[in-house]
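Dear colleague,

My notes on it follow directly after.

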Amino acid sequence: MAEQASPAAAPVRKRKPRLPAIEYIRGIAMMGVIAIHVGSQYLMNQTANIHLIALLEVASRFSVPIFFFISAFGLFYNLDIHEPLNYRAFMKKRFRTVLIPYIVWSVFYLVHDGLFYRVGLPDPLHFLTILFFGTAKYQLYFLVILIWFYLLMPLWIAIVRRAGLISLTLLFIAQIAFDYWSSFSVPFNTFVYGLPDHSWLKPFLMYRLNYWVVHYVFIFVLGGYLAVHIHEFQNFMQKYRRAVTVFFWASLVWLVAYYYQLIYETGYTALEAINTAHQLCPAGLFYTLASSIFFFTIFTYQKYPKVLNPILHQLGRHSYFAYLVHPFFITYVSVALQKSGHLMTAPVTIVYYFVILGLSMLAAAVCRKIGEHLPLLNEWTIGVYPRKK
């Protein structure tokens, strides 16, 4: 007699196919973030080439927002939004993959910089403040915003459930308005910087870009919405592939043209220009939107040489560690350059970029390999845990 299945057995959910585009975009975004931080080093050169700055600091401005797009896409792609969310299990998993590495890397940089710059370690209260605002190192704020996105996951699910073309358009318009106000409102910024230093409100407003998820709500919700409607999204990419490409290049031209206008017509310095033509200005928001759709399209429908796939795979696989470790190498390569007497000229900066990228990737690959034998290393640094047998 055949054995009958238990009526209490849970139905096995069919696993969705893997999307290489998610991994590839992570790698591209990581390269863009490193470009921004290398550009910051190059800006110390009083005669820095404004065109190279445009490449490093402006063309790469999609990098941080697209991380949120991909994070949301990955979350919602593997989520049934019509089923109740097990919030406790969800947060436990996300804290293991993000919160623990965030704390570990924050402590690492605080100890390292305290010794390297001889400034000592912060007191416990200051340490908690640093953790809250993500200021232990300049790239760590991304994880703070991501944690806030995770904490508010029930809200994003509710929004994505009800989202449509009209509501997404209105959300995008609202995003432009809010980001413009937060970034460029003279009365608001005058109020913030006019607050006395002892005011408890001042750090919450000064570091608003480090933890206010509202700056990136649209791109996160868009990622979730497209993941839920993956088949419609795939049809859209196939049908409008050329239009997506044109939109991407047009948005890039707009953002870069804005940067040049600020320099040539308004008289801004290169530093002032990149602090204005960034991802939260209107042109930057359109560029982020276009980049998210464009990179997903070309990486889904192979509109690039296929021989790049192994490279893109490695960049994506090690993007998390490389993103977190690259400021460490920037510090020591910069010191080596200073001691050798080399100036950050344009050719040196280009080599410098690839050295930082190469060292970060090498460190990521080595630590990942060591972590196979010492699991705590991978668990603490990138939130990767051994698979249960």
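This is a predicted model: local features need pLDDT of at least 70, side-chain atom pairs count only at pLDDT 80 or more; totals for chains, interfaces and linings use all residues.

Residues are numbered from 1 along each chain as its sequence is written, and side-chain values use heavy atoms, with hydrogens and water left out.

Overall fold. The chain has 19 helices and zero strands; these are DSSP runs numbered from the N terminus, helices being H or I of at least four residues and strands E of at least two. Its radius of gyration is 22 Å, close to the 21 Å given by the globule rule for 389 residues, so the chain is as compact as a globular protein of that length. (The radius is taken over C-alpha atoms, and the rule is 2.2 Å times the number of residues to the power 0.38.) The C-alpha trace spans about 85 × 50 × 50 Å along its principal axes.

Helix pair. The axes of α8 and α9 (residues 186-194) come within 6 Å and cross at roughly 45°; axes are lines fitted to C-alpha atoms, for helices over the stretch in contact, with angles from 0 to 180 degrees between N-to-C directions. The two helices are therefore oblique to each other, a class left over once angles under 35 degrees (roughly parallel), over 145 (roughly antiparallel) and 65 to 115 (roughly perpendicular) are set aside. Contact, meaning heavy atoms within 4.5 Å, is made by W181, S182, S183 and F184 of α8 with V186, F188 and N189 of α9.

The structure holds one cavity of 30 Å³ or more. On a 1 Å grid over the protein atoms alone, a cavity is a set of points where a 1.4 Å probe fits but cannot get out, a pocket is an open set with protein on both sides within 12 Å along at least five of seven lines, and lining residues have an atom within 4 Å of a point. About 80 Å³ of space lies in the largest cavity, a volume being the space filled by probe spheres set on grid points joined across faces, edges and corners. Its lining includes P65, F172, H215 and L289, and α15 (282-300) supplies the largest share, three residues.

The second largest pocket holds about 1,000 Å³ of space. Of its 30 lining residues, R61, Y141, L209, N275 and Q279 lie nearest its centre. Helix α1 gives the most to this lining, with five residues.

Yours sincerely
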